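Colleague: Please take me through this model one question at a time, and spell out the cut-off behind each term as you use it.

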Amino acid sequence: MKTLTTTLIALASATLLMQAPAHADPQLLAAQSELGFTSKQMGVPVDGRFKRFDARLSFDPKKPETGKVGFNIELASVSLGDPAFDAELAKPAWFDSKKLPQASFQSSAIKALGGGRFEVAGKLSIKGQVRDVVVPLSLAQAGATTTASGGFVLKRLEFKIGDGEWADTSMVANDVQVKFKLAFSGVAPL
Amino acid sequence: MPSQPSVHHNGLTILLHWLLALAIVGAFGMGLYMSDLPLSPTRLKLFNWHKWAGMTILALSALRLLWRLAKRAPADLPMPAWQARAAHAVHFLLYLCFFAVPLSGWAYSSAAGFPIVWFGVLPLPDFVPVDKLLAETLKERHEQLAWLLALLVLAHVAGALKHQFIDRDGLLLRMLPGRR
């Protein structure tokens with residue numbers, strides 16, 4: 001019996017090792033990930049989200065400062081859950097998603113703050129506007145899944161999101177709260 | 001406390017009556033105009049103003065109802081019994097609509113995922129969940145109730161004008177401020 005158990009454990013370990021080779025980059029688990037935001041229209045919080053995005057991560061928890069994260073967001077996948085608003089958001093005044101379909105983020109530095117918390121600095125590019133942003137996030141691991149959760153405040157007018165007649169911040173506030181939950185497989189144990 | 005109710009309505013009743021008349025006509029006009037506008041800052045503004053007006057109507061109507069229950073209305077002027085009954089029925093339905101129209105609009109807002117923040121400052125709670133199908137139904141109910149309210153207002157105004165200009169019994173003056 002003891003031998004059988006040992007064999008099983010050995011087999012299970014081998015399978016795990018085969019599934020997650022030590023040097024492969026982590027993979028984004030899209031179905032378990034969320035990228036959302038809350039904007040304010042005349043004081044009314046309105047939630048939205050992006051349905052399609054992708055992330056590339058190379059990250060060693062032992063050496064976080066050498067890590068890198070890149071992010072692409074398909075702007076046309078934005079939704080406020082209302083067809084009229086979604087059609088409006090594709091227009092040039094908002095995301096202009098036909099002209100420049102993707103927004104991107106590329107990290108320049110990752111700083112460990114301790115306790116599973118990190119600060120990721122990098123360049124955010126939307127509609128041809130590039131700005132430096134610092135994104136605080138925390139990492140949590142459950143099984144083989146590592147989840148990064150965090151958020152930051154984006155000033156929509158810095159990226160010309162809601163231009164022209166929509167630039168009035170008493171109608172739509174300049175501050176947009178961005179929040180995300182990104183699940184990865186293949187991150188080494190914290 | 002006088003045993004005989006005054007012929008006139010009291011000051012607060014008169015104030016609430018005309019304030020609400022103005023607010024209801026305004027909110028109805030806005031609602032009619034804004035619902036077909038394409039998405040624009042103007043549409044967004046009107047929707048929010050409409051909601052703020054609606055919530056103000058709801059609050060003032062609650063105050064008005066309490067005041068009406070506390071303070072009896074002056075006795076009916078002499079008129080055929082069926083007319084008195086019709087007038088009272090319209091009043092009763094008007095009061096129902098003062099609550100049903102704003103409440104259905106509030107619920108519609110919540111279900112559509114655009115909660116009401118009164119005057120852009122006070123967030124009102126959602127008493128229905130965000131649900132697109134429910135929002136569609138509530139929108140229809142809100143519109144139907146608003147039209148019912150409009151018809152009742154027309155009947156109410158027609159009755160008042162009939163008293164004033166055909167019966168010449170001075171009924172309209174009871175709802176106007178002036179000497180007692």
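**Helices of chain B**

Colleague: Is the crossing of α3(B) and α4(B) left-handed or right-handed?

Modeller: This is a predicted model, in which local features need pLDDT of at least 70 and side-chain atom pairs count only at pLDDT 80 or more, whereas totals for chains, interfaces and linings use all residues. Residues are numbered from 1 along each chain as its sequence is written, while chains are lettered from A and ligands numbered from 1 in the order in which they are written. Helices (H or I, at least four residues) and strands (E, at least two) are DSSP runs numbered from the N terminus. A crossing is left-handed if the near helix is turned anticlockwise from the far one by less than a right angle, and right-handed if clockwise; that of α3(B) with α4(B) is left-handed.

Colleague: How are α3(B) and α4(B) oriented to each other, roughly parallel or roughly antiparallel?

Modeller: Axes are lines fitted to C-alpha atoms, for helices over the stretch in contact, and angles run from 0 to 180 degrees between N-to-C directions. The axes of α3(B) (residues 81-112) and α4(B) (residues 132-167) come within 8 Å and cross at roughly 155°. Angles under 35 degrees count as roughly parallel, over 145 as roughly antiparallel, 65 to 115 as roughly perpendicular and the rest as oblique. The two helices are therefore roughly antiparallel.

Colleague: At what angle do α2(B) and α3(B) pack?

Modeller: Two packed helices are described by the angle between their axes and the distance between the axes. The crossing of α2(B) and α3(B) is left-handed. Their axes lie 9 Å apart, and the angle is about 145°.

Colleague: By class, which residues make up the contact of α2(B) with α3(B)?

Modeller: Two residues are in contact if their C-beta atoms, placed from the backbone, lie within 7 Å. The contact includes B:Met55, B:Ile57 and B:Leu58 of α2(B), and B:Phe98, B:Phe99 and B:Leu103 of α3(B). Ala, Val, Leu, Ile, Met, Phe, Trp, Tyr, Cys and Pro count as nonpolar, Asp, Glu, Lys and Arg as charged, and the others, Gly among them, as polar. On that scheme the contact has nine nonpolar, four polar and one charged residues.

**Where the chains meet**

Colleague: Which helix gives the most to the side of chain B that touches chain A?

Modeller: Twelve residues of chain B are in contact with 13 residues of chain A. By class, this side of chain B has seven nonpolar, four polar and one charged residues. With four residues, the element that gives the most is helix α2 (residues 41-70) of chain B.

**Strands of chain A**

Colleague: How many helices and strands does the secondary structure of chain A come to?

Modeller: From the N terminus on, the elements of chain A run α-β-β-β-β-β-β-α-β-β-β-β-β. That comes to two helices and eleven strands.

Colleague: Which residue takes a positive phi in the hairpin of β2(A) and β3(A)?

Modeller: Two strands pair if DSSP finds at least two bridges between them, and β2(A) (residues 34-41) pairs with β3(A) (residues 44-50) in the antiparallel sense over seven bridges. Within that pairing, A:Ser39 stands opposite A:Val46. Two residues lie between the strands of the hairpin, and the positive phi, near 50°, belongs to A:Met42.

Colleague: Which residue in β5(A) is the bridge partner of A:Asp54?

Modeller: The partner of A:Asp54 is A:Asn72.

Colleague: How far apart in space are A:Ala144 and A:Val133?

Modeller: A:Ala144 lies in the loop between β9 (129-142) and β10 (145-155) of chain A. This residue has 13 other C-beta atoms within 10 Å and is therefore partly exposed. It is eleven residues from A:Val133 in sequence, and in space, C-alpha to C-alpha, the separation is 29 Å.

Terms used:
Buried ≥ 20, exposed ≤ 12 C-beta atoms within 10 Å, placed from the backbone.
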